[in-house]
Amino acid sequence: MSLVAVIITIIVLLFAMTYVTRRRFGVLGLALCAGYLISEMWTAQVTPFVRGAGFELLLPPLSSLVAAGLVLVPAVLLLFSGPTYTRRIPRLIGAGAFALLATSFLLGPLGIALNLDPTIDDTAFRIYIFLSDNTTFIITAGIAYALYDVLTMRTPKR
């Protein structure tokens, strides 16, 4: 499958999950940051444990799937509870920001998992390079917006 199709599928699924559950981006964005840190620290230790439990993959590498899972688990857990949006426009913006931030955190495991040969798919390779070159800016903007979203949250009055 083309890298472009994989990235678009990931973005659409993450956007849909967040939009349907109406969860606020701030909490989910900070959970993605926590997941990324957990992934960076624990992928090497968790991969042999998962392999020992009977999961064995050749393509994509198991370590890439473990890293991606560790990035997403904290945010996916928070999709089931937490603050929600009440209006449609902030909900759309939050879901889009979540999908973009999550995809930026997943670019590392995706690059390892998929064949990034420019002679096979030049367009996909250029898109991946563009995203990976701008990942720092995307992540910084995503974290800043997540913090802003958390700071502007209001608790509903009963």
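Residues 24 or more positions apart account for 87% of the chain's contacts with a separation of 6 or more; contact means heavy atoms within 4.5 Å. This is a predicted model, in which local features need pLDDT of at least 70, side-chain atom pairs count only at pLDDT 80 or more, and totals for chains, interfaces and linings use all residues. Residues are numbered from 1 along each chain as its sequence is written, and side-chain values use heavy atoms, with hydrogens and water left out.

**Overall make-up**

- The chain has six helices and zero strands. Helices (H or I, at least four residues) and strands (E, at least two) are DSSP runs, numbered from the N terminus.
- Read from the N terminus, the elements run α-α-α-α-α-α.
- The chain has 158 residues, and 37% of them are buried. Buried means under 20% relative accessible area, exposed over 50%, and partly exposed in between (1.4 Å probe, protein chains only).

**The nonpolar core**

- In soluble globular proteins, nonpolar side chains tend to be buried together.
- A nonpolar core is a set of buried Ala, Val, Leu, Ile, Met, Phe, Trp, Tyr and Cys residues joined through side-chain atoms within 4.5 Å.
- The largest such core here holds 28 residues. Leu14, Leu32, Phe98 and Phe105 touch the most other members.
- Two or more residues of this core come from each of helix 1, helix 2, helix 3 (62-78), helix 4 (88-113), helix 5 (122-133) and helix 6 (135-151).
- Helix 4 gives the largest share of this core, eight residues.
- Phe105 touches Leu32, Cys33, Tyr36, Val71 and Ile139, leaving out residues up to four places away in sequence.

- Two packed helices are described by the angle between their axes and the distance between the axes.
- Axes are lines fitted to C-alpha atoms, for helices over the stretch in contact, and angles run from 0 to 180 degrees between N-to-C directions.
- The axes of helix 2 and helix 6 come within 7 Å and cross at roughly 135°.
- Helix 2 and helix 6 are therefore oblique to each other. Angles under 35 degrees count as roughly parallel, over 145 as roughly antiparallel, 65 to 115 as roughly perpendicular and the rest as oblique.
- This crossing of helix 2 and helix 6 is left-handed. A crossing is left-handed if the near helix is turned anticlockwise from the far one by less than a right angle, and right-handed if clockwise.
- From helix 2, the contact uses Phe25, Gly26, Val27, Gly29, Leu30 and Cys33. They meet Gly142, Ile143, Tyr145, Ala146, Leu147, Asp149 and Val150 in helix 6.
- By class, this contact of helix 2 with helix 6 has nine nonpolar, three polar and one charged residues. Ala, Val, Leu, Ile, Met, Phe, Trp, Tyr, Cys and Pro count as nonpolar, Asp, Glu, Lys and Arg as charged, and the others, Gly among them, as polar.

**Helix 2 against helix 3**

- Helix 2 and helix 3 pack at an angle of about 145°, with axes 6 Å apart.
- The crossing of helix 2 and helix 3 is right-handed.
- The contact of helix 2 with helix 3 has 18 nonpolar, five polar and one charged residues.

**The loop between helix 1 and helix 2**

- Arg24 sits in the loop between helix 1 (3-21) and helix 2 (25-52).
- Arg24 counts as buried because its relative accessibility is 14%.
- Not counting residues up to four places away in sequence, Arg24 touches Pro83, Thr84, Tyr85, Asp149, Thr152 and Met153.
- Arg22 also has its place in the loop between helix 1 and helix 2. Its relative accessibility is 32%, so Arg22 counts as partly exposed.
- Arg22 has a positive phi of about 65°, although it is not a glycine.

**Residues to locate in the helices**

- Leu28 is in helix 2. Leu28 is buried, with a relative accessible area of 1%.
- Apart from neighbours within four places in sequence, Leu28 is in contact with Thr18, Arg23, Ala75, Leu78, Leu79 and Phe98.
- Leu28 and Ala97 are 69 residues apart in sequence; C-alpha to C-alpha, they are 10.0 Å apart in space.
- Ile10 lies in helix 1. Ile10 touches Thr103, Leu106 and Leu110, not counting residues up to four places away in sequence.
- Ile10 and Ala99 are 89 residues apart in sequence and 7.8 Å apart in space, C-alpha to C-alpha.
- Phe125 belongs to helix 5. Phe125 is partly exposed, with a relative accessible area of 25%.
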